Each structure stands twice: as C-alpha cells, then as structure tokens.
Amino acid sequence: MTATASPLPDLTARLLRLLGPGSVITDPVRLRTYECDGLTYHRATPAVVVLPETAEQVAAVVRECDAAGTPFVARGAGTGLSGGAVPRTDGVLIVMSRMRRILQIDIPNRRAVVEPGVTNLAITEAAAPHGYYYAPDPSSRQVCSIGGNVAENSGGAHCLKYGFTVNHVLAVELVTPQGEIVTLDADDPGYDLLGAFIGSEGTLGIATKITVRLSRAPETVTTLLAAFPGVESGGTAVSAIIAAGIVPAAIEMMDALAIEAAEAAVRCGYPAGAGAVLIVELDGPAAEVAAQFTRVRELCLSSGAFETRTADDPAEREAIWKGRRSAFAAVGRISPAYLVQDGVVPRTALPQVLAGIEELSARFGVRVANVFHAGDGNLHPLVLFDDTEDGAGERAEQVSAEILALCVAYGGSITGEHGIGVDKAKHMTAMFGPDDLDTMQLLRCAFDPRGLSNPGKVFPTPRLCGEAPGVRKGVHPLVASGEAELF
Amino acid sequence: MNAGTELSGTGVAVRDAGPGDTVAGAEPRWVASPASTEEVAVVLRAAARRGLAVVPAGGRTKIGWGGPPERCDLLLDTRRLDQVLEHEAGDLVVRVQAGLPVRDLGEALAASGQELALDVPPGPATVGGVLATGAAGPRRLRYGTGRDLLIGITVVLADGTVARAGGRVVKNVAGYDLGKLFTGSLGTLGVITEATFRLRPLPSSRAYVTATAPEAGRLDAVGAVAGSPLEPSAVEIDVPDPGGPATVTVLIEGVAAGERAEAAGDLLGAVVPPSATPPAWWGSPPDGGYLLELRVPPASAGHAIGVVAEAAGPLAVHVRGSAACAVLWLGLDAAAPAGAVGAFVSRVRAALGTRGGRLVVWDTPATGPLDRWGPVGAAALMRRVKERFDPEDRMAPGRTPGAGKAG
C-alpha cells in the first residue's frame with residue numbers, strides 16, 4: 001500500500017490523510033480487484049480506491065476530487081452487467097461496501113432506512129419476521145447492493161406487478177458531484193429529482209442513505225410451471241393471460257436451449273421434451289389467487305401446454321424457480337463463453353422478435369438461448385460462442401447488436417434493467433436523437449457541471465456543461481484535451 | 001413587428017387573453033392554442049425570440065396551484081392537444097397528447113376493459129396538468145401516482161427544443177427519466193406535450209367499506225387495514241372537523257372484492273355492509289379557498305390530524321385524503337384571514353417538521369405573502385435544474401420551489 005504507486009500522488013496523499021491507510025488502496029495488485037464489474041470484458045484499473053464508512057467521508061472524498069478535477073466512480077457490489085461501475089484509470093473508485101448497516105426497520109410506517117452497501121436480499125430478510133418484504137428482486141439479490149439498485153433502477157422477475165426500484169424508494173440521501181449532502185424525498189414538492197436520480201447510473205452523484213418502502217407479504221403465492229412444445233405456444237399463453245385481465249406477479253419464459261443449460265447445471269427436472277417452459281407466479285389474497293390460478297392454467301392448456309405443475313409452498317416454489325434463476329450461469333455448462341443481452345419489446349411483438357432472433361442465430365451460425373421476463377417483454381438472449389475460436393466473439397457481438405436493433409425496430413428499448421453503462425452508450429443514438437440526449441445533459445449539468453461523476457457512462461459523446469444543445473461539429477474540447485474519449 | 005404579430009405569424013391559433021385567462025393574479029396578454037408538439041415548439045420559439053414569459057395551462061382545474069407567476073405574457077393552452085395517439089391493448093400501453101382530459105382517456109380505455117389507474121377529481125383535468133402538478137387520488141396507495149404510471153414523455157423546452165425520454169415499453173432504463181423530472185414541475189421546465197402510460201385491466205369488481213371513528217386521533221384501524229394482506233387499493237378519510245369524528249372508507253378491487261371488503265370491514269369495526277359505490281366525498285379535495293396538502297409518515301396520520309386540530313384554533317379546517325399514505329388535503333375557508341392561515345401553516349410545520357411532515361399551500365384565494373412550500377431539502381438543486389432548462393426564467397417563473405423569488 002504505497003501512495004507513490006498511484007498516478008494521482010497529491011490527491012492520494014490527501015485521501016490518505018482524510019480516511020487513513022486502512023481505507024485507501026493504492027497497491028497495484030489490490031487495485032486490480034476492482035477493474036471490472038459483472039461485465040468482464042470492459043476493464044480499467046482505478047488510480048486509487050477508497051472505502052468510506054460515512055456520508056461525510058464520501059462527501060469529503062468527492063470534494064477532493066472536485067478540487068483536483070479528478071473523475072470518480074462509485075461502486076457497490078459490482079454485479080452490474082453493463083459496465084456502469086468500470087473505474088477510470090485516471091480517477092478515484094469509491095467503493096461503498098463498508099456502508100452496509102440497516103439503520104431502521106420501521107414497520108408502522110412500512111419502510112426501512114439502509115446504507116447503500118446493504119444487499120437487496122438483506123432488506124427482505126430483516127423485514128420478513130414482521131411479515132413484510134422489499135419488492136424489487138433482481139436475480140442477483142443475494143449479492144447486489146441497494147445503492148447499485150438505485151443507480152441502475154433495478155428490476156427483477158416481479159416487476160410486472162410491482163414495478164422497479166424507482167417505485168419503491170421513498171428518499172435518497174446523496175452526495176452531489178460537488179460534494180454536498182442533499183436529501184431527495186418523494187414527499188418534497190417540486191421536481192421529482194428523486195425519480196430522475198434513480199437509474200442515472202452514478203452520473204448524478206452517490207447515494208449514501210436510502211429509504212425504501214416495505215410491502216406486506218402476500219397472503220398466498222402460487223407458482224405454475226407450464227411446459228410447451230415451443231416458444232410460440234408459450235407466447236400465445238402469455239398474451240392470453242394478459243388479455244384475460246390478469247396481472248401475475250411474474251411470467252418468465254425459457255426456451256429449449258436455456259432449459260438444456262439449466263438441466264445440465266442444476267438438474268431442475270423440468271418436463272421432458274419441453275421446447276419452452278413458462279413460470280407464472282400469482283400472489284395476493286387467497287380468494288383472488290385461487291380464481292386467477294384456475295384461469296391461468298386453462299389458458300396455458302388451451303394455448304398448447306402439455307404439462308403443468310403447481311407449487312404452493314416455498315420448497316416446491318424454489319424447485320421451479322431454481323432452473324430460471326440459474327439460467328445465466330448455467331449456459332457456462334453448454335458453452336465456453338456467452339454474451340447476455342437485455343433488450344425490451346412490446347409484449348405483442350414477442351413472437352416476431354423471437355422469430356427474428358432465431359433467424360439471426362441461423363444466419364450467423366451462433367446459438368442463442370432465450371431466458372426472459374415474458375410479461376413485460378424484457379428479453380435476455382444469451383449469445384453463445386467459443387472464445388478459443390477465431391472470430392467467434394466478434395460474430396456473437398454482431399448478433400447481440402442485431403438483436404438490440406431488432407428490439408428498437410419493434411418500438412422497444414436497448415435495456416430493460418441492466419443499464420446503459422459503458423457497454424451500450426454507443427447504442428443510445430438508436431433510441432434517442434441529439435435533442436433528447438442534449439436535454440438529458442441539461443439535467444446532468446445541473447447536478448454535475450464538471451462531468452466528474454462516472455464520466456463516459458450512459459451518453460455516447462461527452463459534452464461540456466454550458467454548451468448550447470445541438471449537434472457538435474469537430475473534435476470535442478474534452479477529447480482534444482485528453483480528458484474524455486469518444487466511442 | 002410586435003410580439004403579438006409574431007405569435008400570430010406562427011400559424012398557430014393565438015388570441016388576445018381575457019379575464020378568464022388570469023393565472024393566480026397574473027394576466028397574460030395572449031393565449032396560444034397549439035394542436036401538436038410541433039405547434040408548441042413553433043410557439044415557444046417565437047416566445048423565446050421575443051423574451052415572453054409563458055405559462056402552460058390544461059383544463060385549468062389547478063391553475064391557481066403553486067406560486068403566482070412572476071411574469072406571464074403568454075398562456076399556452078394545451079386543450080387542443082387532445083388525441084389518443086396510440087393504444088395497443090395487448091401491451092397495456094397508451095400514448096396520448098397531454099391536453100387530453102383524464103376522464104376522456106378513461107372512457108376511451110374502458111371500452112377495451114382497461115384503465116389508467118390515476119384518480120383525479122371530477123372536472124376537465126388534463127393528462128399533462130395532472131403530471132405537471134403531481135396530483136393523484138385515492139388509489140395512489142396501490143398503484144402509485146402519475147410518475148409511477150408514466151413510461152414515456154415528450155416535452156418542449158423554453159427554446160422550442162423537442163425532447164423525448166422513456167418509450168412505450170414498461171421496462172426500460174435507457175437514459176435519464178425526464179418524465180419524472182417534469183412531474184411536479186408546474187410548467188417551469190417546459191411544456192409536456194405527449195405522455196405514454198402503462199395501463200391496468202379494469203378490476204372485475206370494486207367494493208367500498210366505510211366506518212366512522214369517534215375521533216381522528218384513533219386511526220389504528222387504518223394501519224391495520226393498510227398492513228393487512230387484503231391488498232386494499234385505497235384507504236381514504238374524511239374529517240370535516242379535525243376535533244370530531246372521522247369517516248374511513250376502504251376500496252378493495254378484484255375478483256373476490258366483496259369478500260375481502262368484509263374482512264377489511266371487520267378490521268375497521270364497520271357495521272355497514274360493503275357498497276359497490278364510493279361515498280360522495282371520495283377522491284375530491286375539500287371545498288374552500290385555501291387548499292393545503294399535508295404529508296407525514298403513514299403511522300403519524302392520526303397524530304397529524306390532532307396537530308391540525310390544535311393548530312387550527314378558531315379556523316375551520318376540513319381534512320380529507322389518503323389516510324394509509326398519509327397524504328391529506330386541508331381545506332380552509334376563503335374568508336379565513338390570511339394572517340391566521342399563515343400562523344396555522346407555521347404551527348403545523350413546527351409541530352410536524354421534525355417528524356418528517358411537510359405542509360404545502362397549493363391554492364389560496366389571494367396572492368398574499370405566504371410560505372407555500374416550507375423547507376425543501378433539494379431546493380438549491382431544483383434551482384440549478386431550472387437554470388439549465390430555462391436560463392432566461394421565462395417558463396412559469398416563480399411557480400415551484402427553487403424556481404424564482406416567490407416563496
């Protein structure tokens with residue numbers, strides 16, 4: 001841990017004085033621990049890592065960065081899949097993992113106050129003895145941090161009925177990119193800055209305390225597994241369920257390749273011969289769930305399901321969910337490498353888009369496993385490839401990009417829950433025009449006039465605050481000065 | 001060429017303003033009635049060239065809300081932006097123009113067995129107006145407010161720039177959510193011209209169960225119902241006199257609504273069977289010239305009503321609103337002396353501010369000096385946002401916290 005190893009000696013020395021040597025990492029080997037998040041093909045070793053324990057320390061670090069004109073990036077558990085927490089080689093990485101106290105479980109007010117490093121699941125575990133839970137449940141909920149959830153506006157399988165992080169956060173204390181500690185509260189009048197901050201991917205500041213809404217555990221939860229000959233009939237069932245006016249807590253689908261992977265990894269024992277399985281979870285008052293369940297099962301059977309299973313208790317439910325939850329990791333069993341994509345399409349376009357993905361798969365000779373949140377059209381195609389084979393990675397990248405283009409062509413989005421990060425910044429122009437992006441920059445500049453907070457993420461081209469919105473011509477001053485890079 | 005001629009020259013319908021166009025005491029000179037996003041942009045570009053202050057208005061049901069405009073040259077009337085642009089029933093998504101009355105949208109959606117789960121009081125409130133004021137009704141408990149249901153937005157900024165954010169899919173985290181930013185903006189950041197919402201299937205049945213508590217302070221039953229697994233869609237309260245009895249009505253929606261409503265009734269101690277129709281006061285703010293909104297943490301609702309009773313003194317205050325969310329309307333008579341109202345506001349803020357309470361004065365009969373917002377933690381950030389979006393301070397100046405000099 002030698003300060004001299006850092007390319008930012010002056011700043012590092014000040015950070016050491018502020019936080020002490022136990023909270024500042026400069027050793028090149030240890031720094032490499034933080035070089036990427038869950039998306040491992042974007043890597044950068046941070047110049048220095050700090051591990052603050054209080055909001056005041058975060059603010060002090062940010063003020064030092066601001067004074068030095070040094071970029072900084074906040075990092076939670078590092079489970080993000082879009083490179084949102086990739087550090088800057090010329091900047092400070094602020095790791096929030098030591099701020100992980102649950103400050104309050106307030107059942108009468110149905111809320112919890114937590115520090116950003118608390119895991120998503122830990123909130124539910126703390127609330128569960130009282131009959132409550134925290135609704136947004138990303139698949140990584142055992143390890144992902146609530147601060148990261150706020151940064152990415154994370155969702156999960158149960159978004160369809162319960163919404164996203166933004167629908168369950170009541171207040172955020174944050175450190176602005178200029179080092180002020182400010183609280184954004186849903187009850188404040190005026191602009192909904194809380195809503196705008198959530199999902200801003202660390203570009204508007206760093207959350208240091210989060211108040212979340214706790215939800216009452218439903219009276220009944222019933223999970224149905226339905227096996228179909230293929231994704232088409234499964235898709236028909238999804239449309240029929242929605243058309244019947246039923247909003248399940250979750251509707252998940254896996255295609256044959258995804259099932260094969262899950263079986264190989266966790267032996268989930270899904271019905272043999274299934275070309276697709278649908279997991280439909282209903283929750284709520286017992287009478288409501290019972291009536292809906294009968295209808296959902298009928299609709300699955302009339303859409304072509306050849307087998308259905310039901311789970312009413314947690315153990316049976318876990319058995320059904322096991323295959324789905326393991327799917328991403330499981331493809332490692334059937335492919336040396338893979339890319340996970342995160343496109344969204346309107347629900348009614350699912351059949352066409354799935355057919356389009358199949359066509360792309362055939363055309364490029366690249367296998368694609370589909371695991372997705374069918375209820376809200378959020379696709380997670382897993383593009384499989386062999387990284388030892390020349391050109392395979394490039395082909396997989398191309399298929400992945402073509403899938404996104406397909407999503408946008410059908411009126412969808414380039415990300416449903418993983419974020420733009422560094423990975424998809426170049427695709428933002430597929431969804432938004434220059435005026436849209438410039439308008440977003442007005443917000444960015446209000447919070448972060450110097451563009452120091454997680455720069456290079458979300459937006460395709462760096463812009464200077466104070467520039468008139470419009471199409472830029474020539475080399476950007478930040479690029480020319482070497483402070484930023486273009487994609 | 002004067003500004004009026006220039007506005008007329010845009011080809012957009014423009015007329016001279018009349019007495020009916022006054023906004024919280026500010027009299028505009030012109031009223032423009034564009035019918036498309038492009039027309040709004042044309043008008044705002046002309047206003048920018050002439051340095052005109054612009055106040056957007058929809059159905060004008062909340063035209064008095066917020067601080068009085070410091071300047072108002074042009075009223076931008078959005079009511080001709082009244083089209084349903086896209087309704088894909090299978091996607092449970094609708095895209096509309098912002099001047100469409102919410103009730104008209106409700107009728108259009110009901111034909112497909114769907115609804116926008118956003119309650120607004122009776123009247124011609126428009127989609128854009130509801131978003132800009134951040135208003136929401138009883139079912140906020142279950143479905144959230146406009147910001148939770150909004151998935152895409154088109155806005156026109158002060159300089160005429162047209163910007164879109166979000167999209168027409170429910171799940172989408174690409175870029176900043178400008179829709180959230182414009183929620184509660186009261187026209188100060190630009191004009192909302194289109195909005196895309198997620199919809200819900202219309203519930204198969206609704207049941208309301210009502211009980212009267214001897215005094216508002218004893219609202220334990222509200223917490224019991226809100227915290228029960230009965231999934232109430234709304235828990236509303238009506239307290240004509242904060243020292244007197246409180247009526248609590250719970251709405252249950254769904255297949256087994258009647259049965260669940262009876263269970264809710266047991267929790268409330270109701271003796272009247274559930275009804276298929278709401279009480280007459282449901283979803284409307286109390287009458288009165290002053291309209292205030294009090295928010296406290298949910299478990300403090302009963303305590304807050306007690307504080308209101310004590311702070312009111314001789315003032316008559318009618319409390320009504322979402323008991324389980326503790327978002328409560330306070331209605332005060334227009335004839336109440338402004339000084340007494342100001343003192344009441346200060347007393348309530350002093351008593352509840354440390355307990356997470358917020359009291360906002362939305363509407364007043366006169367434009368006297370009154371601290372409408374109380375302390376707002378993010379006011380400085382809001383001001384910085386306003387300065388970026390509208391550096392000349394021409395959009396509804398002074399209407400929101402952080403926007404302009406007015407309190």
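These legends describe close-up views of a predicted model. Residues are numbered from 1 along each chain as its sequence is written, and chains are lettered from A in the order in which they are written. Local features need pLDDT of at least 70, side-chain atom pairs count only at pLDDT 80 or more, totals for chains, interfaces and linings use all residues, and side-chain values use heavy atoms, with hydrogens and water left out.

View 1. Thr222(A) is buried, with a relative accessible area of 7%; buried means under 20%, using a 1.4 Å probe and protein chains only. Leaving aside residues up to four places away in sequence, Thr222(A) touches several residues, including Val280(A), Phe293(A) and Asp312(A), contact meaning heavy atoms within 4.5 Å.

**View 2. The largest nonpolar core.** This core, a set of buried Ala, Val, Leu, Ile, Met, Phe, Trp, Tyr and Cys residues joined through side-chain atoms within 4.5 Å, has 136 residues, and Leu193(A) and Leu181(B) are among those with the most contacts inside it. Its largest share, seven residues, comes from helix H13 (residues 392–409) of chain A.

**View 3. An open sheet of four strands in chain B.** The strand order is S1-S2-S4-S3, with mixed pairing, and two strands pair if DSSP finds at least two bridges between them. Strands S1 (14–16) and S3 (54–57) of chain B stand at the edges, each with a single partner strand, so one side of each is left without a neighbour in the sheet.

Terms used
Buried means under 20% relative accessible area, exposed over 50%, partly exposed in between (1.4 Å probe, protein chains only). Helices (H or I, at least four residues) and strands (E, at least two) are DSSP runs, numbered from the N terminus.
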